[in-house]
Amino acid sequence: MQIMVVGCGKIGRELAETLSKEDNNVTVVDKNEQVVQNMSILYDVMGVVGNGTSYSTLEEAGLADTDILIAVTQSDEVNLLTCVMARQKSKCHTIARVRNPIYSEERHFLRSELQLSMTINPELEAAREMMSILNFPNAMEVDNLGKSDIRMFRFRNPKNSMLSGEPLGVVSQKFRGTILVCIVERGDDIIIPNGDFVIQENDIVGIIAKVRDIEKFFKAIGMPFRPVKNCMIVGGGGISHYLTKLLTMHGIKVKIIEQNLARCEELSRSFPDATICCGDGTDRTVLDEESIGSMDSFAACTGIDEINAILSLYAQSKVRKVITKMNHVDFNDVIDNLNLGSVVNPKTLITQKILQYVRAAGNSLESNVESLYRLRGGRVEVLEFLIRGKSAAIGVPFAELNLKSEVLVAGIVREGSLIVPGGQDCILEGDAVIIVTTHSGFGDITDILAETSRGDRR
C-alpha cells in the first residue's frame, strides 16, 4: 500500500519503520530536513520536507496515489487539518493523532464531520491498557481479542505452580473451562508450545481464556486473585488524567503525586474524588509520607523513562501491582530484564492499532484483521481474523490443513463460545479465528497456510 506519515517524532519513526518492513511504500513528511534525511536512510522510505497542512507539500509527497495518510505531529490541530485537506483532494483513508481530552470526548463527532477513518490517542490507549491490567492484577499484560469477552493474559509462572513440571497436554486436563497456553517466553527464547512442552518456574506464559475462567485459573496455579482497591500515580500528565477517570469510574481510590501546582489544581477540579498531592514523587521521603506501603497498586507515569524505572523498582517491595510507563522502544531487552512489573508503551500500542487498520484496509473479501497484538518487539503476533467468505482455509479439518511452521490456531470464537480446536475441527464462515505466530505480515486467514496448500480460493 501507499502510506504517507506526516510528523517524524517518536511515533512517526516507529510507524515508518514498522510499515516499511511490511512491504508498504512509505513516504514521510516533516518540517525538519535533517530528520527526514535520517529517516530516509534508516528505513528506506521516501522523504519530503514541508508542512503537512500545505497542499503543495502533500501533492509533492504523492497524495494523489496515497492509500492511507497518518498525521502524527505534536499538534492536534495540524493533524486534523492535514487529514481534512487530504480528504478534500483525494480518496485516501485518514488517521489523526488527537491527544487533547476535549477532542477525545468529541472523537465520534470529529470522525463523522471531518470524514476521518480513525483518531488515535496514545495517552488514552495507554490508560486503557493500564486499566485492563489493574482489573486483572495477576497478569503482566492483558489484550482484548475482538469484541468478545476473550482475553490474552501474560504472567510470570510462580514458584510451585501446578503448571510446572508436567507436559501441557497433562496440565490442560486439570482445568475446567477453556484455557489455552499459546506462548512461553524463556529468557530470549519465544516458544509456541505443543502438548509435550513443559513449563518451568519464572517462564512468562501467554494464555487465551474467557474472563469468567481466569480467576479460577490463577487461584489453581497459586496466584490468588485479589482486586485492586486503590492506586498511587506519580506524574499528572495526560495518561494520569485518563487513568484517573477510568479508575474512579470503577470505584478505585486514586492518589496522584504531581510537582506542578497549577496542574495539581487542574486535576483537583477534574477529579474531586481523587487525592491530589503537590510534591516531588521522585523523592523517596514523599512516597513514604504518602503511604505508598498501604497502596494496592502503583503507576509510574512521569515523562522520563529512567525516573519511571527507578520509581517502579522501589515500589516493587512496597506494592503488589506495579505499572511502568515507557516511551523508548529501542531497549526492550534491557527493560525486560529489569522486572518493572507491567510495562506500558503508548507508542507501541498506537503502532499496533494503526498496523491492524492498515492490514484490514488491504485485506481480501474472505477475512479481516479484527485485532492485532505484537509481543517482544514484534517477534510474536497474536491476530484475530473475522471469516467473511470462502477460502482455502475454511471447511477443512485442521488435521488435513498444511499450516506453516510456528503458526498456532489458538482459538475459534463461534456464536460467542470459545473453541480450542482439535484435529477434526475446522474454520467456518462467520467465525473469529485467533492466530499466534512468529511470522509477521499476516493480513488474510490464508496466510497461515503453507504455499502448497493455498491453491485457489473457493
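**A guided look at helix H15 and its chain**

Visitor: Which residues of H15 are buried?
Guide: This is a predicted model, in which local features need pLDDT of at least 70, side-chain atom pairs count only at pLDDT 80 or more, and totals for chains, interfaces and linings use all residues. Residues are numbered from 1 along each chain as its sequence is written, and side-chain values use heavy atoms, with hydrogens and water left out. Buried means under 20% relative accessible area, exposed over 50%, partly exposed in between (1.4 Å probe, protein chains only). The buried residues of H15 are Pro346, Lys347, Leu349, Ile350, Thr351, Gln352, Ile354, Leu355, Tyr357, Val358, Arg359 and Ala360.

Visitor: How many of the 16 residues of H15 are buried?
Guide: H15 is largely enclosed by the rest of the structure. The count of buried residues is 12 of the 16.

Visitor: How far does H15 reach from its first C-alpha to its last?
Guide: H15 covers residues 346–361.

Visitor: How many helices and strands does the protein chain have?
Guide: Helices (H or I, at least four residues) and strands (E, at least two) are DSSP runs, numbered from the N terminus. The protein chain has 16 helices and 22 strands.

Visitor: What share of the protein chain is buried?
Guide: The protein chain has 458 residues. Buried residues make up 55%.

Visitor: What box do the C-alpha atoms fill?
Guide: The box is taken along the principal axes. Its size is roughly 60 × 60 × 40 Å.

Notes:
The expected span of a helix is 1.5 Å times one less than its number of residues.
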